[in-house]
Structures are given as structure tokens and as C-alpha cells.
Amino acid sequence: MNSLRKQRLQVVVLIIMAGIAASGLIIYMLGQNANYFYTPSQIAKGEAPQGVFLRAGGMVVEGSLLRDPNSLAVEFKVTDGNAVLIIQHTGILPDLFDEGEAAIAAGKVDQNLVLQATEVLAKHDENYMPPEVAESMSEAYLNKRKTEGGSR
Amino acid sequence: MNRIALFLPLALFVVLTVVLLLGLDKDPTELPSALVGEPFPVFSLPALHDANQILDEQDLLGDVVLVNIWATWCFACRIEHAMLNQLEEQGVKVIGLNYKDNREAAIDWLKKRGDPYTFSIFDERGRLGIDLGVYGAPETYLLDAGGTIRHRRVGVVDDRVWNNEFRDLYAQLMDEKR
Amino acid sequence: MTVELGHAALIMALCLAIIQAVVPMIGSFSGHTSWMRLGHSMAVGQFVFVALSFACLATAFVQDDFSVAYVANNSNTLLPLHFKLSAVWGAHEGSLLLWSLILSGWSTAVALCSGKLPLVLSARVLSVLGAISVGFALFLLFTSNPFDRVLPIPPLEGSDLNPLLQDFGLIVHPPMLYMGYVGFSVPFAFAIAALIGGQFDSAWARWSRPWINVAWVFLTIGISLGSWWAYYELGWGGWWFWDPVENASFMPWLAGTALMHSISASEKRGVFRSWTLLLAILTFSLSLLGTFLVRSGVLTSVHAFASDPERGIFILAFLGIVVGGSLLLFALRGPTMRSVTTYSGWSRETMLLINNVLLVSSMAMILIGTLYPLLADVLGMGKISVGPPYFNFFFVPLMSGLMVCLGFAGFTRWKNTEGRALLKKGVLPSIISLVLALVLPIFMMDKLTWSNYSLTAVITLLLVLWVVTMSLEDLWLKSRGKLSSLSSLSGSYWGMLIAHIGLAVCALGVGLSTAYDAQKDLRMVPGDTTELGGYQFQFVDVKRIEGPNFIAYRGNVEVRSGGEFVVSLSPEKRNYKSGGQVMTEADIDGQLHRDLYVSLGEPLGDQAWAIRFQVKPFVRCIWLGSLLIGLGGLLAAFDKRYRRRRLQKSVNSSSEGLAFE
């Protein structure tokens, strides 16, 4: 039975090594592909890494939507009530995208702190807001109130 | 397969359960607004029934109140409405926040279904909703007499929700007021 | 009245389920035959009552009974009848009732088809199924009652069903998926019964196999339908997004596939017993986990039902008891299940082991990726979403490895196979595959004028041709080159062959459509043309039309190839009147070798529109392939019984028929 035992041991060792390699690889890939959500305030403060694929969003500022008359390039601004983020995108905007509504975009922030978006997502329902945006809005309100100080 | 290896799946499952349990706590619609424990946001908006009357956060002070976000486009609000009518009959003061709606349609809606609201704030653009961190309708906030938000419910308030989440706190706040 | 009847029927079903869960199990230990038999009648009775309850809910929909909150929330008078009926399972409460119905249906099937099983075994299996039914009935009655009324004033009109769901896809996709999901409760029950009884022989494996196969076929078709539906309904040409809800259905499929293969080794050779039992528990556990993820709100997804943490806690508790309990049982009883025979080298057992490892690894990787955002949120690391690159990075190599091993499948023998002999079988196919894989993309470059020489296409073709040529070689050898002996090959063998080729076809679709997909988003005014993928698209005009419950802008796009008219496409942008939802209805011209896909973006003013054009070569093969996979599974499922009857009738079976397991 000794050779059988050896064979079994080899197999076990192999499995453990493969397991460690796999775990390491998984952790690495998760890290590389975890798309974090940043608020306009965070990006304005420089808290968001540049050149890294991330998501950001807020309320689309009224009157901020600009379209290139000759292509599908668009630019618009989103706000969380505190800071404003400029987003540029080339392509079709989602159906429920509109000024005054919430939008989330995914892409990379360039050195001008403009989000070059490869994807723009609007909420999937007429009247509801994505939780991340809603949360960031109310937190921004709180921060603003704290910095403005005092009460009315 | 030795004994220890056999227990491995169970161990992994226990870890998974713990993560999921913690995840439930973090459920986005359950997450209390950052504003719980904070004063109700400052605002200046017209009343629903009288466009000339301007309301602000001072109008919410002095009583323990429910602020209920509602709209004619919100179907679940129709279901919740009976509960609100019932609460009003029992003496609970309910204030409406008509969210991103059409004024005439909203007034008509209340005529048809009964108006449990002491008054309704008309937030046509949703600006107050933004400051509150509203996801949509219906949502209900419980304020104490000093105007501080003490609880928030995202979704319909029915018998079960009232008994589990609001009733005791409401009673406590009413006692404190006295 | 029907509503109260439906509610009462559900309560009756709960009572019967409780009896079904408790009495036969006790009877199996005490030896009371009548107690053990009770499980069968209870299962049938339970099905009758749940079906009655379901019928009452359906009636409420048909009659527009808006006093029922669930009906009011999901239907209205203008909804066509077939959508009213499918709206029954369109939201949380109703879909749970569907779960219960299907679960009691499967239990009844087990009760009726268990003639040949030992009574002790069938009693225990039905008890376990009864216990699961109890859980769902309690969940329904206490947290998700579809029969709740709206008091005191019922609305005169219901809410609209989400137009995204007013589609043929909604009618078939959930029931198919649930048949699969829930179907795996049967092998689960068999596994628990085996662990309790400490009895796990090849007879057990033979009895449980057909159930696994059939459930698996439903799940395969259900997932395929979901992908197909997303493709043509969502409007933008995607067919798989690694969305948490998609993953929730795919993981049981992977585990179920591993189970299907593992149990064949258990049946034939008595090996992989622990694997098989664990996989049976795992597959159903993943079904339950999927249910939890979709309904508890821990993960946000476009698919997820409205969330409710109270429900989430209930399901989690249920999950904990069912899965935790079964894994504990597995750990305690495991040592009695040790395999008795050995195998070595490149035997079929070894290949199946590799198969198991690859499938389970894929599943584990997907599970981690799906749950990571939740973990990160819990640990306070922020709101993360895990993108497709993570999933594809692991899934593609794992599946490729699987396909390589798959080629050798038919040639391996039980107990031992000479490695060298095996490799020899692969020489000719690998040469053919390699040559064609290197050469064909050159022709593709010419045929698909926009493409470069695609490495993805080479790898895809290599794997696909490898599987196909090896399978055909195996078929040739097994039929001894005679057409007449084809009929003597068993259903199991044909099932394997067709399913494996189906996988190859599916992989062909995935790989080639990824390699050669062409897409353009353009701003166009009527009269503009553009070229894509060797076709010329002309945007003719846009007309405003009125639908039954929507207003739409319908575009007209004419497609030509080399000057010759191919097809006219009419994509629509719809505005639904109630609820104001906007929907993009793409128009697709589908052929086996390519899909032409056009969808309208937004109006840009001055008659201009944003339009998306796509040419997707071979994308249809994805769903064709999965149909073949399902067909293969079906053939394999029905082989067992047929053969058993045949064996009983005569001692005629050819040795080939037996050896191909």
C-alpha cells in the first residue's frame, strides 16, 4: 500500500498547491475588477484614482447636456448636491436618461478630473433612484450643512 | 477522505451564512438614512392645496409626526393609503410630501381616496427628496416634536411594519413630548 | 370566495406536507409499512391542494379581482389574457406559489414512479421533499401570502405589468427554470435518504439518475431561454452579463452537470460516492441560495424582485437548516460511504474526476465573484461591482480545459486506460482540428470583410473541431463502421454524443460571435447609409405608430449586401401609456451564420436619430447548441427505463449497450 499512499499524498499536495495558486489568482483578479463607486465630491477632492475603471454618478444637472451635432459625443454634468462631475461619453444614452434624473457612468477619470465614460446607466424605472446615488445625495447634504454651520 | 475533510463543506457553509446574515443588515433599503438622528432638512416649498402658501421645516415642529412620501404615479401608495387613513383616525399626525407629481392629479387623488394628511408639501422637482436621500415612493419618516428624524421606512407601511417598526417608538416619542 | 378557497387550500397543503415530512420518516425507522406508504398519498394530496390554490390565484387574475393586493400590483384590465396568466408568477409571491406547485409536482412524480424502489428509501425521499415543502408553505403563508386583500377600498384598476415582462419569454422562462431548480430537490432527497440509511449502492444511483437528468434538462433549457430572451428583448445585443441572478441559475447548472457525470461512476464502479452525495446536496443548495439572493435584497440587480429583509431572514434560516443540516449529516455519515474500488492512470474515473474538479472550480469562482460585492460592503470597503472580465478570465480557460478532456471521453475505459493508447486516438483529430482551425479564419477574413485574422476564432475552432472529430471517431469505432449497428447504441450513448456536440456548437457560437462581432453607434438622418460587417444599412425613415397600450416610433432600415436587398428591419422605441416606461424593441434578422441587429437609440432632433447597428456572426449557435445539450440529456434520461424493461424481457442486450456507460 505504500505506493498507493505515496500517490495519494502526491495528489493531495498537488491539490493544495493548485488551491493556493487559484486563491491567489482569484484574489488578484477580484481586486483588478472590483469597480468602486465614487461620488462627485470624492472625485473633486481627488480621492478617486485616475486611469482606473470605476463608477460614479449623481443627479444630472439641468441644462448641462451638450451634444456634438455631428456625432454621438455627449457631455453632461452630475452633482451630489455638493460637487459637480463632468462626464464625457460617445454613444447612445440609455432610455431613462434625462436632465434632473439620476445617472451612473462607468469609465476612467482623466487628469482634468473628467470622467471618460464607456458606459452610462440610468435607473431601470421611471421614478426610482439607484441606492448609491440616493445615499450619496443625502450624505452630501449633511456634509454641506455641517460645513455651512449653524441652523436656520 | 479523512474526517476533517468531510467537515469542510459545512465549515464553508457556516462562513457563507455569516456573510449573508451581515449582508442582510446592510440591505440598502433597510439602511437607515444618514439623516436618522439628524434634524429634518431645511426646505421651502409650496403647499399642495394652496400654491401661495409656502411651507418650511418649522411647520414640522411641535408634534410627533409621520412624513409620508407619496405620488399618484406610485402604485404601492394606493395600497398604503388605507393604512394612513386608519392611522390618522387613531390620532397620528401624518404630513404628506407629494413627490415629483402633478398638482391637479394629486389633489384629485386625495379627494377620491381620503386625505389623511394634515397638509401636503408639493415637491414637484424632487429637491427635498434629494436632500432626504429618497429612493422613490412610498417612504415614511418618523419625526419627534423637535423635528429630528427618528426612523425611516422605505416601502409600504402596513400593519406589520407599523407594529414592528413604528408603534413603540411613536408611543415613546409621544411620552417624551409630554 | 375563490381567494379564500385558495388560501385555505394552501393551509391544507401545509398540513399534508407536515404529515408527509414526519410520518414516513418515523415509519422508516420503526418499520410500520402503512406509515411509510402514507408519504405517497400525502404527496399526491399536497399537489392537489397546491394546484387548487394556484388555480384560485390564476382565477383572480383572469377575473381582474383587484381586491387581491398581488393581482392589483401586477395586472390590469387591459392586459391580454395570456399575460394575465403569466403575471401570476411575475412577482415574488406568485413565483413562490409556482415553486411550491412544481415542488409538489415533482414529489407526486416520485410517489407515482417509485414502484421499484424499496419502501424504506421512497418513504425517506418523500419525507425530505415534504420537509422542504413545509418550509416553502410556511414562507408563503407567513411572509408572502399572494392572497392578501387590499382593504377597505379595492382599486378599480390594477397597476400595469412591467412592459419588459409582457413578453413570450416571461411565459416560458420562469416555469422552465423552476422545473430545473426545484427538480434538483429530488436527487437531494435521495442523497439525504442514502445518508440516513447508510446505504449507497449502485441500485441507489440507478434509481436517482433519471431524476437528475430530467431536472438538468429543464435547467439547461431554462437558462438558455433566459439568455435568448435577454438578447432579443433588452435591445442591445448582449446575451450574458454575469449578472448575479444569471449566476444564481448557472451555478446549480454547473454543479448539476458534475453530479450527472459523477453518478455514472458511482453507479458503474462504486467510486466517487462522497463526491456524488456532496454534489447532490450542493446543487440543490445552490438553487436555494439563488432563491435567497434574488429575493432578499442583498444584491442589487435588474432582475431582482422587490426586496424585503424579513423575507431574507426567513430564507436564510431555511437555507441554514436545510443546507447546514444536510452538510452536517454528510460529515457525520461520510465515513460509511467510502468507495471500495480503485482506478488508475487515464481511466474514465480519472477523466470524470478532472471533469468534476473543473466544473466545481468554475462554480466556486462564480460564487466568489457574485458574493464579493456583498462581502466588501459588509467589511466597509465600499460599493463594488465585479465586472465580466473577472468571470471571463477564469471561465474561458476552465471551459477550454474541459473541452480538451471531453474529446477523450468516449475512448476512456473504466478502471484503467492506457495513456498512450488514448493519445493515439487523438492524433488524427488533433491534426485535422489544428489545420482547419488555422486555415478557416483565413477564409473568414475574406468572407467577413471587416475582420482580421482572429486568434480567438482559431482557439474556438480548435476546441470545437477537436470535440466534434473525436466524438465522430468514437462513434465510428463503436458502430464498427456499420450504419446498421447505430441502432444498437444505447440512448445513454446517443445522449452523451449529442450533448457533447451541443456543447461544441454552443462554444462555436460564443467564440465566433465574440471574435467577429461588429458594432456601430451612429447619428443618422433619414437617407443616411453606413457599412458594417459587409452589409450596407440604409436608414429610410421613422414613423409614429400607436400600439394597444403604447405609442412608438418605428424606424425603417434597409439592409443590402453587395447591392442586393437582404432584409428590411423595423426597430421601435415604445412609450408605454400607463407608467410611462420607455422600451427599446430591436429588430433582428437571424440566420445560422449571422444575426443582423438594429436598435433605435434616442431622437436627436432635426429628424436625426442615434442608431445602433450590429452584425453578429454565428450567435444563433449559442442557443442551438444549448438545445442540443438539452436534447442529449433527454435521450440519456429515457434510456434507463427503456433498457431496464428490455433487460427484464430478454437477455438480449448487446455488450456494447452496457459498456458505454
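**Domains and chain organisation in the predicted model**

In chain A, the domain assignment (bounds come from an automatic or database domain assignment) gives domain 1 (1-34) and domain 2 (37-148), and the C-alpha centres of domain 1 of chain A and domain 2 of chain A lie 43 Å apart. The model is predicted, so that local features need pLDDT of at least 70 and side-chain atom pairs count only at pLDDT 80 or more, while totals for chains, interfaces and linings use all residues. Residues are numbered from 1 along each chain as its sequence is written, and chains are lettered from A and ligands numbered from 1 in the order in which they are written.

Chain B contains five helices and seven strands (DSSP runs of H or I with at least four residues, and of E with at least two, numbered from the N terminus), arranged from the N terminus on as α-β-β-β-α-β-α-β-α-β-β-α. The radius of gyration of chain B, taken over C-alpha atoms, is 20 Å, whereas a compact globule of 178 residues would have a value near 16 Å (by the rule of 2.2 Å times the number of residues to the power 0.38). The C-alpha trace of chain B spans about 80 × 40 × 30 Å along its principal axes. Of its 178 residues, 41% count as buried (20 or more other C-beta atoms within 10 Å of the residue's own, with C-beta atoms placed from the backbone).

For chain C, the assignment gives domain 1 (418-516 + 620-659) and domain 2 (518-617). Their contact (C-beta atoms, placed from the backbone, within 7 Å) takes seven residues from domain 1 of chain C and eight residues from domain 2 of chain C.

Methods: A residue is buried if 20 or more other C-beta atoms lie within 10 Å of its own, exposed if 12 or fewer, and partly exposed in between; C-beta atoms are placed from the backbone. Two residues are in contact if their C-beta atoms, placed from the backbone, lie within 7 Å.
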